Number of protein chains: 4
Amino acid sequence: MKDVSVADEVTRAAVELFAAQGYANTSVQQIVEAAGVTKGAMYHYFESKDDLLFAIYDRMLTLQQSRLDEIIARGGEVDDVLRAVCVDVIETSIDFLPEGTVFFRSLHMLSAPRQQEVTRRRRVYHDRFAALLQQGQDAGLYRTDIPQPVLIAHFFSDVHYLSHWYSPEGPETKSEVAEQLTDLFLTGIRLTNGSAT
Amino acid sequence: MKDVSVADEVTRAAVELFAAQGYANTSVQQIVEAAGVTKGAMYHYFESKDDLLFAIYDRMLTLQQSRLDEIIARGGEVDDVLRAVCVDVIETSIDFLPEGTVFFRSLHMLSAPRQQEVTRRRRVYHDRFAALLQQGQDAGLYRTDIPQPVLIAHFFSDVHYLSHWYSPEGPETKSEVAEQLTDLFLTGIRLTNGSAT
Amino acid sequence: MKDVSVADEVTRAAVELFAAQGYANTSVQQIVEAAGVTKGAMYHYFESKDDLLFAIYDRMLTLQQSRLDEIIARGGEVDDVLRAVCVDVIETSIDFLPEGTVFFRSLHMLSAPRQQEVTRRRRVYHDRFAALLQQGQDAGLYRTDIPQPVLIAHFFSDVHYLSHWYSPEGPETKSEVAEQLTDLFLTGIRLTNGSAT
Amino acid sequence: MKDVSVADEVTRAAVELFAAQGYANTSVQQIVEAAGVTKGAMYHYFESKDDLLFAIYDRMLTLQQSRLDEIIARGGEVDDVLRAVCVDVIETSIDFLPEGTVFFRSLHMLSAPRQQEVTRRRRVYHDRFAALLQQGQDAGLYRTDIPQPVLIAHFFSDVHYLSHWYSPEGPETKSEVAEQLTDLFLTGIRLTNGSAT
DNA sequence: TATGAATGAGCCTTCATTCAT
DNA sequence: TATGAATGAAGGCTCATTCAT
């Protein structure tokens, strides 16, 4: 009985190498060697190197979407839900730091149709996030003087940027960073009893 | 008499192509064709493709550093200076959107020594920014409950992310976005009369 | 109970694909898919892809030889026999147009020993045809000023060429073409003292 | 000063190898080795292996067309012109026997657009030949009871077939075969004082 | 300075065939 | 008989870089 399938092992090796050296600098040969399989075996499961890259995107997109949906489905006060979502996105991104590196850096290496597919699913994800923001705005919790796309970019930029600076070996723990970035974001958008701007 | 030098023309073409297709997907042949020069001519000015990429980094790093230094040199209230810096960084990043795309996406394509060189100069840049923050914190303007590296990442993530979403053709003008993102950032870090977190 | 055996189904699919795309451009995978069987099943009946190609040659050679032998065995005036042979060869070639395409185009794709085997059997076939010609020449019916190999080539070139131009959907029927080409051939070789036919 | 260009040398080697082993069985590596150049040099002149194959077709098509046009342009009695054309086509085909082998055997290995291009130019060529036949028929020289496409196929089948049997080392000289096949063809289609069919 | 033909290493991919089940 | 995952050897092609001119 094999512990892990060829496909899993290949994907794991690919993520690691793509994150470390970049997609273009990683040869299929390196991947299969790191995965301990043969080239032929890999091509039995993946049609192309592009296919392998997309598999990584697919896994990430599916994971992100399902976690977001789950938290929203749980319900609760909108401010609590948004906070929970932000914390979770950041924590998950830290759990999948190499995947994130690849995700945000290698989109342009995908074939054009797949770039569009990723962008489409990403938009769905953002839209659900935007709906939360809207609820909070409707409830008078969040400022409305800044366009929603800017607010969304403001939050996801933090998520995106994690792989550029965060290290598990660094002084901050995953949870701390999640709390801190979430706090910075929410403080920035919250309509305090006083005035915004 | 030529309007522009070979080196300039090549750099210009390279930035455009690297931003549009990625460094790895762009051949030297494409670059020299787009620049209207020959391969031999290019190799007179750049030792390698890597050299060409580094030239783009060098130009950006120099530009960013000089603008930051200049604004700081101008002096003034720390809060005003920080605000001016933030606005300027964002506006400049929008002015150089393709350069920014390359800058944040292709670091790993540089040779190792040059990656370190970029990182080193980037750190110098961040340190100067951090010093500003520190001044504000010392003056009791900004919160101190969040580590400085997190605060810095929080701001530069917005800068980084611009090339992922901002479009000059979009509804927001350069100045508006610069004001909005700066405001979100400063609101997030400012120590209001009440308490943060 | 299966209507057709695996071997038959595979051969049928192979002929079709080889004729349409060529032997080299057809993968074993395509063949087994078109035949509705698995690779393993195919390799139970054929030792190799080469084996499969040879099976097609074998079937054609056997068919051609047996039809020729049968018509000659029937006996009759030599001119009538030759005419019957020519008409039959052409009609049969039209009935097996895809097989013919493969037959004349893919000989060089066979392994060397099998190429020789095909050539050998082909020579036997031609020799029997030559014997007919000889009989006619001995009887003073056909011209002798042209070497037999040239006469034989002149006839079989027509057969060979059918797959390059003839289409069942075209204006000429199988029988018409058979008659016309046979007539052109016989008119060309006949020693007319007076009239033709 | 080089005697032959890289492109010429490569084409020459390719024709030889394609004729001997088939297009599919010949690797680019074999070609460049036989031509005494490097792979890179070859790809400087040919975009692909397909491109190289097409170059052979192009040369043959151009040659055939120009010879046909030239002979027709020379003018004369239609029967003499047709005879001259037939003899020339056969002699030229013998001069370019390897090219002919490739020409008639490897059409299906070309990319689809190029197959069409070849077919188109081939049709132009056949049409000019057909016009000659028509003139002869109008002049009452050639039989009209057989469709022109059949007559044309009847002649070109001989040309096509040459590479399957003719050898310069064989007993027949180029000119003899040309005369003999032309004679067989013309005898077959000529309307003698008597009746045909 | 400038040209562009030529180099040569390496890359992604295909595919006939094998073999444990 | 039959499966289909896995093998392993090529194969076609790209491309940064060099160099004679």
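**Exercise 1. Find which residues C:Asp88 is in contact with, leaving aside its neighbours within four places in sequence, and decide whether C:Asp88 is buried or exposed.**

Solution. Step 1: apart from neighbours within four places in sequence, C:Asp88 is in contact with C:Arg67 and C:Ile71. Contact means heavy atoms within 4.5 Å.
Step 1: the residue C:Asp88 belongs to helix α5 (residues 78-95) of chain C. Helices (H or I, at least four residues) are DSSP runs, numbered from the N terminus.
Step 2: C:Asp88 counts as buried because its relative accessibility is 13%. Buried means under 20% relative accessible area, exposed over 50%, partly exposed in between (1.4 Å probe, protein chains only).

The model is predicted: local features need pLDDT of at least 70, side-chain atom pairs count only at pLDDT 80 or more, and totals for chains, interfaces and linings use all residues. Residues are numbered from 1 along each chain as its sequence is written, chains are lettered from A and ligands numbered from 1 in the order in which they are written, and side-chain values use heavy atoms, with hydrogens and water left out.

**Exercise 2. State which rotation superposes chain B on chain A, and how far apart the closest C-alpha atoms of chain B and chain D lie.**

Solution. Step 1: chain B is superposed on chain A by a rotation of 180° with 0.1 Å of shift along its axis (RMSD 0.1 Å). That is the relation of a two-fold axis. The superposition is by least squares on the C-alpha atoms of residues with pLDDT of at least 70 in both copies.
Step 1: among the residues of chain B, B:Gly188 comes closest to the rotation axis, at 2.1 Å (C-alpha). The same surface serves both copies, as 100% of the contact residues of chain B recur in chain A.
Step 2: chain B and chain D have no contact, and their closest C-alpha atoms lie 13 Å apart. No contact joins chain A and chain D either; there the closest C-alpha atoms are 21 Å apart.

**Exercise 3. Describe helix α9 of chain A and name what covers its buried residues.**

Solution. Step 1: helix α9 (residues 174-189) of chain A has 16 residues and reaches 23 Å from its first C-alpha to its last, close to the 22 Å expected at 1.5 Å a residue. The expected span is 1.5 Å times one less than the number of residues.
Step 1: its buried residues include A:Leu181, A:Leu184, A:Phe185 and A:Gly188.
Step 2: the cover includes α5 (78-95), α7 (112-138) and α8 (148-165) of chain A, together with α8 (148-165) and α9 (174-189) of chain B.

**Exercise 4. Find how many residues surround DNA strand E, and which atoms of A:Tyr43 and DNA strand E are 2.5 Å apart.**

Solution. Step 1: DNA strand E is surrounded by 27 residues, and A:Tyr43, B:Thr38, D:Thr38, D:His44 and D:Tyr45 are the closest. A residue is near a strand if one of its heavy atoms lies within 4 Å of it.
Step 1: an N or O atom in the side chain of A:Tyr43 is 2.5 Å from a phosphate oxygen of DNA strand E.
Step 2: a polar side-chain atom of A:Lys39 lies 3.3 Å from a base oxygen of DNA strand E.
Step 3: the elements giving two or more residues to this surface are α3 (39-45) of chain A, chain B, chain C and chain D.

Conventions: A polar contact is a pair of N or O atoms within 3.5 Å; within protein, one must be able to donate a hydrogen and the other to accept it, and residues adjacent in sequence count only if both atoms are side-chain atoms.
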